[in-house]
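This report describes the sheet, a helix packed on it, and the pockets of the model shown below.

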Amino acid sequence: MRQQTRILFIRHGDRFDFANKRFWRLNAEKANHNVKDPPLSHLGERQARETAEYIEATIIPQWERVDAIFVSPFLRTIQTAQPLSRKLGMPITMYEGISETHYVKDSLPSNHARFAYFPEIDLETNKDDFKVDHEGEREAYPDQYMLRMLKVSRHLESAVAGKNVICFTHAASVSLISALLKTPMPLDLSFKFAPCGIYWLERIAEEPWKMVASGHDNQHILENDPNTFPWGFNECETELWNKLLQEFISQST
């Protein structure tokens, strides 16, 4: 039987800072907390639980097993992953490669600092991690971020070959999905990622990746907030991404 690989990409749930913008900024600064690392709102926490229930009931029975849960090191993605981690009795493994845009290296609490609040976090070093290396204080957006996603696509393919993996990430990871599929984003800007949306990709051996389900909506969620909405690149960003993707594909062949 030929090797099969499956990946779920799940965007985090509703953000507390989007629902409470002024309150969050003022109080996060008072608390000396990174304003770019907000938690989920109460709605986002509920969305995370609903997503875990949906995956456990409808996707896991088709997969039979899950080999790893990879999570961006931001608070909102850790929180979104926690309910599923508990249901499956599996650790949360940090994967820096799928971090948010405008990433600043070493700006987030360490795994050990997060552990007291999220004991599901695996404290062992992830041998399959992708370490972000950006020029300057902050990763430039969109170009440096997009180049990172192209590199991550190649790294992730190798790291998860033959496995079933679930990745909790951010809306801009639609670029990573596009890179794996080697498919340009449509210029009508329809390639979006909904809060707790689920993209399901799979491949057989070295055959091209196929999209089994799209995360452009989240029909398994009972409620959404208009402040955290399905997100996608704008027209200029889409054109830049498609140009970089085509160059990447040409260099790979």
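Ile69 has Ile166, in strand S4, as its bridge partner. The two strands concerned, S2 (residues 68-71) and S4 (residues 164-169), run parallel and are joined by 4 bridges. Strands (E, at least two residues) and helices (H or I, at least four) are DSSP runs numbered from the N terminus, and two strands pair if DSSP finds at least two bridges between them. The model is a predicted one, in which local features need pLDDT of at least 70 and side-chain atom pairs count only at pLDDT 80 or more, while totals for chains, interfaces and linings use all residues. Residues are numbered from 1 along each chain as its sequence is written, and side-chain values use heavy atoms, with hydrogens and water left out.

**The sheet**

The strand order S3-S2-S4-S1-S5-S6 describes an open sheet of 6 strands with mixed pairing. Its edges are S3 and S6, each of which pairs on one side only. Strand S5 (residues 198-204) and strand S6 (residues 210-213) run antiparallel and are joined by 3 bridges; here Leu201 stands opposite Met211 of S6. The hairpin formed by S5 and S6 has 5 residues between the strands, and Ala205 in this hairpin takes a positive phi near 50 degrees.

Contact means heavy atoms within 4.5 Å. Because 8 of the 8 residues of H7 are buried, the helix is largely enclosed by the rest of the structure. Buried means under 20% relative accessible area, exposed over 50%, and partly exposed in between (1.4 Å probe, protein chains only). The cover over these buried residues includes S1, helix H6 (143-159), S5, S6 and helix H8 (235-252). Just after H7, Lys182 takes a positive phi of about 55 degrees.

Phe9 belongs to strand S1 and counts as buried, because its relative accessibility is 0%. Leaving aside residues up to four places away in sequence, the residues that Phe9 touches include Leu176, Ile177 and Leu180, as well as Ile198, Tyr199 and Leu201. Phe9 and Asp67 are 58 residues apart along the chain, and their C-alpha atoms are separated by 14 Å.

**Pockets**

On a 1 Å grid over the protein atoms alone, a pocket is an open set of points where a 1.4 Å probe fits, with protein on both sides within 12 Å along at least five of seven lines; lining residues have an atom within 4 Å of a point. Grid points are joined across faces, edges and corners, and a volume is the space filled by probe spheres set on the points.

| Pocket | Volume | Lining by class |
|---|---|---|
| Largest | about 760 Å³ | 12 nonpolar, 8 polar, 10 charged residues |

Of the 21 residues lining the second largest pocket, Met94, Glu96, Asn111, Asp129 and Lys131 are the closest to its centre. Strand S3 (93-94) and helix H5 (111-115) are the elements that give two or more residues to this lining. The largest pocket is lined by 30 residues, with Arg15, Lys36, Arg76, Glu100 and Thr101 nearest its centre. Helix H1 (16-19) and helix H2 (21-30) each give two or more residues to the lining of the largest pocket, and H2 gives the most, with 3 residues.

Key: Nonpolar A, V, L, I, M, F, W, Y, C, P; charged D, E, K, R; others polar.
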